[in-house]
Amino acid sequence: ESRQAARPEPGKMLPLVKNVIAVSSGKGGVGKSTVAANLAVALAKLGYKVGLLDADIFGPSMPKMFQVEDARPYAEQIDGRDLIIPIEKYGIKLLSIGFFVDPDQATLWRGGMASNALKQLIGDANWGELDYFILDTPPGTSDIHLTLVQTLAITGAVIVSTPQQVALADARKGINMYTNDKVNVPILGLIENMSWFTPAELPENKYYLFGREGAKQLAEDMNVPLLGQIPIVQSICENGDKGTPAALDETTITGRAFLELAENVV
Ligand code: ADP
């Protein structure tokens, strides 16, 4: 497979999809899926038509984050084609590679298998009209990213990192993967997650557990926008596990933080 294959033209694969946004991180565990889920929910709350593809083949977490672990999407004949019908939750159309693999089995994909599965979830699914199609990509840089870049005309990538040096070093690699001249995907910006912690009993205090403003500096260094800083909040973690993303409730500080983030992305 040529690493130099050209990017497809906008609208070729999914002509009814206006914007495709890849959410990426260098490292795992920095909150990439949490950001992708909440960004999707926040965009839907802003009134946009949103689709979300969980392409994280190593650890698909959207079924749990949207509380649809038992969903088994089926195919339907539409205009003479068998198309997979995305699950709908919180006004979002959702497909996850996790719907098609046993969650307790390690996902050991043979070369090409995962790529083909993803191509089907993109091209053979009834996504319909979307303003934003969000892709939760695997951590790091991989052939899966290349597949996504070659399959869809990605509008831009959002990179998630904690302020920690090891995470930032990997985020830099992630940015370079998208901006190199073979791939050439614009970076919409960086999101700093787990920026600080504020204990309930000390509401004025911010503890910078992973370092201070590291992603802000990286954004300046690499000349990309900083789209938002999300603190460490217990409810973000709990909501993730409960299947009710924090962005659903804009009366909370975290809900508002994700809405602001979505406003910065549009
Ligand atoms: P990734 O997709 O990068 O592997 P996840 O989104 O799965 O990361 O997040 C890793 C863990 O951290 C999850 O348990 C998630 O609920 C939690 N988490 C993510 N962001 C935050 C945050 N801002 N505050 C608290 N917990 C968070």
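Good morning. A word of caution to start. What you see is a predicted model.

Let's begin with the whole chain. It has 8 helices and 10 strands. Its radius of gyration is 18 Å, close to the 18 Å that the globule rule gives for 266 residues, so the chain is as compact as a globular protein of that length. Along the principal axes, the C-alpha atoms fill a box of roughly 60 × 40 × 35 Å. Of the 266 residues, 44% are buried.

Now the contacts. Take those between residues at least 6 apart in sequence. Within that set, 77% join residues at least 24 apart.

On to the ligand. Which residues come nearest to it? There are 18 residues around the ligand, and the nearest are Gly31, Lys32, Ser33, Thr34 and Gly240. Which elements give two or more residues to this shell? They are helix 1, residues 32-45, and helix 7, residues 234-242, along with strand 9, residues 187-197, and strand 10, residues 226-232. By class, the shell has 9 polar residues, 8 nonpolar and 1 charged.

Stay with helix 1, please. Helix 1 also meets helix 8. Two packed helices are described by the angle between their axes and the distance between the axes. For this pair, the axes come within 8 Å and cross at roughly 80°. Angles of 65 to 115 degrees count as roughly perpendicular. Helix 1 and helix 8 are therefore roughly perpendicular to each other.

Who touches whom? From helix 1, the residues are Asn38, Leu39, Ala42, Leu43 and Lys45. From helix 8, which spans residues 253-265, they are Phe258, Leu259, Leu261, Ala262 and Val265. Sorted by class, this contact has 8 nonpolar residues, 1 polar and 1 charged.

Next, the backbone. Most residues other than glycine have a negative phi, and most peptide bonds are trans. Two residues here deserve a look. Met194 is not a glycine, yet its phi is positive, about 60°. Glu213 is not a glycine either, and its phi is also positive, about 60°.

Where do they sit? Met194 is in strand 9. Glu213 lies in the loop between strand 9 and helix 6, residues 214-222. Buried or exposed? For Met194, 25 other C-beta atoms lie within 10 Å, and 20 or more count as buried. So Met194 is buried. Glu213 has 16 C-beta neighbours inside 10 Å, so Glu213 counts as partly exposed.

I'll take them one by one.

Ala157 is in strand 8, residues 156-161. Ala157 is buried, with 27 other C-beta atoms within 10 Å. What does Ala157 touch, leaving out residues up to four places away in sequence? Ala22, Ser24, Tyr178, Val185, Ile187 and Leu188. Ala157 and Val20 are 137 residues apart in sequence, and their C-alpha atoms are 8.6 Å apart in space.

Leu118 is in helix 3, residues 113-123. Leu118 is buried too, with 23 other C-beta atoms within 10 Å. Setting aside neighbours within four places in sequence, Leu118 is in contact with Ala55, Ile97, Ile144, Thr147 and Leu148. How far is Leu118 from Ser142? The two are 24 residues apart along the chain, and 14 Å separates their C-alpha atoms.

Pro225 sits in the loop between helix 6 and strand 10. Pro225 has 15 C-beta neighbours inside 10 Å, so Pro225 counts as partly exposed. Not counting residues up to four places away in sequence, Pro225 touches Gly189 and Ala219. From Pro225 to Ile191 is 34 residues in sequence and 8.9 Å in space, C-alpha to C-alpha.

Last one. Asn176 is in helix 5, residues 165-179. Asn176 is partly exposed, with 14 other C-beta atoms within 10 Å. Where is Ser235 relative to Asn176? The two are 59 residues apart in sequence and 33 Å apart in space, C-alpha to C-alpha.

To recap the ligand shell, helix 1, strand 9, strand 10 and helix 7 each give two or more residues. Helix 1 also crosses helix 8 at roughly 80°. Met194, in strand 9, has the positive phi of about 60°.

That's the tour. Thank you.

How values were computed. Residues are numbered from 1 along each chain as its sequence is written. This is a predicted model: local features need pLDDT of at least 70, side-chain atom pairs count only at pLDDT 80 or more; totals for chains, interfaces and linings use all residues. A residue is near a molecule or strand if its C-beta atom, placed from the backbone, lies within 6 Å of it. Helices (H or I, at least four residues) and strands (E, at least two) are DSSP runs, numbered from the N terminus. Ala, Val, Leu, Ile, Met, Phe, Trp, Tyr, Cys and Pro count as nonpolar, Asp, Glu, Lys and Arg as charged, and the others, Gly among them, as polar. The radius of gyration is taken over C-alpha atoms; the globule rule is 2.2 Å times the number of residues to the power 0.38. A residue is buried if 20 or more other C-beta atoms lie within 10 Å of its own, exposed if 12 or fewer, and partly exposed in between; C-beta atoms are placed from the backbone. Two residues are in contact if their C-beta atoms, placed from the backbone, lie within 7 Å. Axes are lines fitted to C-alpha atoms, for helices over the stretch in contact, and angles run from 0 to 180 degrees between N-to-C directions. Angles under 35 degrees count as roughly parallel, over 145 as roughly antiparallel, 65 to 115 as roughly perpendicular and the rest as oblique.
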